Amino acid sequence: MKEDGVDEVVLETEYDNYAALSLYESLGFMREKRLHRFYLNGKDAFRLVLVVPHNDDGGDNTPPHRSNMGKRFRRTPHRAICVSPYSDDEDEVSSR
């Protein structure tokens with residue numbers, strides 16, 4: 001693992017949660033493994049992994065060579081989710 005960040009993001013979701021699987025895969029996550037009876041309700045899960053490309057030289061944003069990342073690396077653009085700012089001020093009126 002690099003000193004100032006992460007190498008990968010790992011999460012699990014139910015195998016039949018198609019909305020979550022679609023979202024995570026659209027963000028670049030890849031299914032790594034099926035986890036049998038992972039949840040207390042007996043359902044299986046998928047472990048999903050997103051490899052975070054390193055920027056070792058400080059200037060170039062090109063991802064490392066594919067052989068360095070193994071089978072998990074996928075050359076897809078990473079997208080961010082835009083979230084509206086949240087405020088719990090009571091003075092503000094909801095727009096709904």
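**Salt bridges and the sheet that carries them**

Let me start with one pair. Lys43 and Glu14 meet through their side chains in a salt bridge, 3.3 Å from N to O. The two residues come from distant parts of the chain: Lys43 is in the loop between β2 (30-35) and β3, Glu14 is in strand β1, and 29 residues separate them. A word of caution before I go on: this is a predicted model.

How exposed is that pair? Lys43 is partly exposed, at 28% relative accessibility. Glu14 is partly exposed too, with a relative accessible area of 21%. Buried means under 20%, so Glu14 at 21% falls in the partly exposed class.

Now the overall layout. The protein chain has two helices and three strands. Along the sequence they follow the pattern β-α-β-β-α. The chain has 96 residues, and 19% of them count as buried. It exposes about 7,900 Å², with carbon and sulfur atoms supplying 49% of that area. Now take the contacts with a separation of 6 or more. Residues 24 or more positions apart account for 50% of them.

Next, the sheet. What is the order of its strands? It is β1-β3-β2, in an open sheet of three strands with antiparallel pairing. β1 and β2 stand at the edges, and each has a single partner strand, so one side of each has no neighbour in the sheet. From one strand to the next, the twist averages 25°.

Look at how the strands are joined. Between β1 and β3 there are seven bridges, and the two strands run antiparallel. Between β2 and β3 there are five bridges, again antiparallel. Let me name some of the partners. Val9 has Leu50 as its bridge partner in β3. Arg34 has Phe46 as its bridge partner in β3. Glu12 stands opposite Arg47 in β3.

How covered is β3? It is mostly covered, with six of its seven residues buried. Arg47 has a relative accessible area of 24%, which makes it partly exposed.

Stay with Arg47 for a moment. Its side chain meets that of Glu12 in a salt bridge, at 3.4 Å from N to O. Here again distant parts of the chain are linked: Glu12 is in strand β1 (residues 8-14), Arg47 is in strand β3 (residues 45-51), and they are 35 residues apart. Glu12 is partly exposed, with a relative accessible area of 32%.

Is it buried or exposed? Thr13 is buried, with a relative accessible area of 6%. And what does Thr13 touch, leaving out residues up to four places away in sequence? Its contacts are Ala20, Leu21, Tyr24, Tyr39, Ala45, Phe46 and Leu48.

Which helix lies across the strands? Helix α1 (residues 18-26) does: it lies across β1, β2 and β3, running at about 165° to β1. Among the contacts of Thr13 are Ala20, Leu21 and Tyr24, and residues 18-26 make up helix α1.

One more pair. Asp44 forms a salt bridge with Arg34, and their closest N and O atoms are 3.0 Å apart. This pair also links distant parts of the chain: Asp44 is in the loop between β2 and β3, Arg34 is in strand β2, and they are ten residues apart. The two partners differ in cover. Asp44 is buried, with a relative accessible area of 12%. Arg34 is partly exposed, at 36%.

Back to where we began. Glu14 and Lys43 belong to a network: salt bridges that share partners join Glu14, Asp16 and Lys43. How many salt bridges does the structure hold? It holds five.

To sum up. The sheet has the order β1-β3-β2, and β3 is mostly covered. Lys43 in the loop between β2 and β3 is linked to Glu14 in β1. Asp44, in that loop, is linked to Arg34 in β2. Thank you.

Notes: Residues numbered from 1 in each chain as written. Predicted model: local features only at pLDDT ≥ 70, side-chain atom pairs only at ≥ 80, totals over all residues. Heavy atoms only, no water. Salt bridge = Lys/Arg side-chain N within 4 Å of Asp/Glu carboxyl O. Helix = DSSP H or I, 4+ residues; strand = E, 2+ residues; numbered from the N terminus. Buried < 20%, exposed > 50% of the residue type's maximum accessible area, 1.4 Å probe, protein only. Contact = heavy atoms within 4.5 Å. Areas by Shrake-Rupley, 256 points an atom, 1.4 Å probe, with all protein chains shown as cover. Pairing = 2+ DSSP bridges. Axes fitted to C-alpha atoms, helices over the stretch in contact; angles between N-to-C directions.
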